[in-house]
Amino acid sequence: MSAFRCGTIAIVGRPNTGKSTLLNRLVGEKLSIVSSKAQTTRHVVAGILNEPECQFVFFDSPGLQAREREVLHRMLNRRALELLRGSDIIVFVVEAGRFGADDRMVLAQIPQGRKVVAVVSKVDRARQASDLLPFLERLARERDFHAIVPVSAKTGKNVPELLRVLRTALPEAPRMFPPEQLTDRDERFFAAELLREKLFQQLGEELPYRCEVLIESFREEGRLRRIEAAILVDKESQKGIVVGAGGARLKRIAEAARKDMERLFGGKVYLGVWVKVRRGWGDDERVLRQLGYGS
């Protein structure tokens with residue numbers, strides 16, 4: 001009988017390469033919020049996949065950013081770098097056909113001597129598999145990767161092969177979490193993330209980055225979860241954009257988030273949502289700590 005394998009796997013890359021979609025596909029559950037906009041992920045989220053002789057502990061991370069414009073960006077970069085230093089395996093995600101200065105910056109941050117598996121994402125967009133070959137050859141010259149695996153997290157293509165590669169690379173070790181555990185986060189965290197996802201999906205290109213969600217109250221009353229949440233914005237004018245004419249946009253955002261919460265939590269949810277102006281929240285370390293970004 002082979003020894004049990006278990007270890008941590010950091011999923012890293014520049015913003016918008018499909019890291020969160022990949023995590024969700026690997027564990028078979030929606031743990032990281034996704035949108036078409038870059039920099040959606042702001043927190044480190046663990047996704048745990050259990051097999052009879054193996055436990056994978058994946059960590060989705062914020063995309064490393066070359067420009068640290070405010071305290072929030074510095075905190076996000078610090079968290080991503082901590083993952084790079086502390087994980088058993090690094091999954092470096094690049095978008096098929098694209099490898100630029102930002103990708104190279106992330107790759108340079110990965111310590112030498114680490115097992116790095118390059119995942120080429122979004123290969124479903126390629127017309128033919130042969131179209132990828134020149135890109136894969138160029139990527140192979142960037143570093144001595146443990147393996148390079150083209151995948152489509154959207155369709156699931158080649159994900160079993162990625163798991164096979166990672167399984168053999170994991171160290172022999174006992175499991176870190178009980179076999180029934182899926183993540184290290186609680187329902188309060190996911191309530192905030194699901195509401196923030198709807199902000200990203202329903203607002204324009206710029207405003208989502210100036211929004212954050214604070215869960216002010218989370219109570220279980222029998223089979224009902226009663227949640228009170230505040231959407232923080234920088235300016236009074238942004239508040240009007242989130243609320244919309246007659247409160248219609250805020251109502252749509254809250255309703256979509258509530259339905260997702262009920263599916264995830266498996267029960268009824270009352271969700272009360274307000275929009276509050278908190279000027280400069282992204283540069284206020286005290287507020288960021290309150291929002292769960294840590295030191």
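How many bridges join strand E4 (residues 89-95) to strand E5 (residues 115-121)? Seven bridges do, and the two strands run parallel.

This is a predicted model, in which local features need pLDDT of at least 70 and side-chain atom pairs count only at pLDDT 80 or more, while totals for chains, interfaces and linings use all residues. Residues are numbered from 1 along each chain as its sequence is written, and side-chain values use heavy atoms, with hydrogens and water left out.

**View 1. The whole chain contains nine helices and nine strands.** Helices (H or I, at least four residues) and strands (E, at least two) are DSSP runs numbered from the N terminus. Of the 295 residues, 51% are buried, where buried means under 20% relative accessible area, exposed over 50%, and partly exposed in between (1.4 Å probe, protein chains only). Among contacts (heavy atoms within 4.5 Å) with a separation of 6 or more, 71% are between residues 24 or more positions apart.

**View 2. Six strands form an open sheet with mixed pairing.** The strand order is E2-E3-E1-E4-E5-E6; two strands pair if DSSP finds at least two bridges between them. Strand E2 (45-51) and strand E6 (147-150) are at the edges with a single partner strand each, so one side of each has no neighbour in the sheet. On average, neighbouring strands of this sheet are turned by 25° against each other, direction ignored; the axes are lines fitted to C-alpha atoms, for helices over the stretch in contact, and angles run from 0 to 180 degrees between N-to-C directions.

View 3. Isoleucine 11 stands opposite aspartate 60 in E3. Four bridges link E1 to E4, also in a parallel run, with alanine 10 having isoleucine 90 of E4 as its bridge partner. Seven of the eight residues of E1 are buried, so E1 is largely enclosed by the rest of the structure.

**View 4. Strands E4 and E5 run parallel.** Phenylalanine 92 has alanine 118 in E5 as its bridge partner.

**View 5. Helix H3 (residues 101-109) has buried residues Asp103, Val106 and Leu107.** Down the axis of H3, its buried residues fall within an arc of 100°, so they line one face of the helix; the arc is that of the directions from the helix axis to the C-beta atoms. Ala101 and Ala108 are exposed, on the face of H3 turned away from its buried side.
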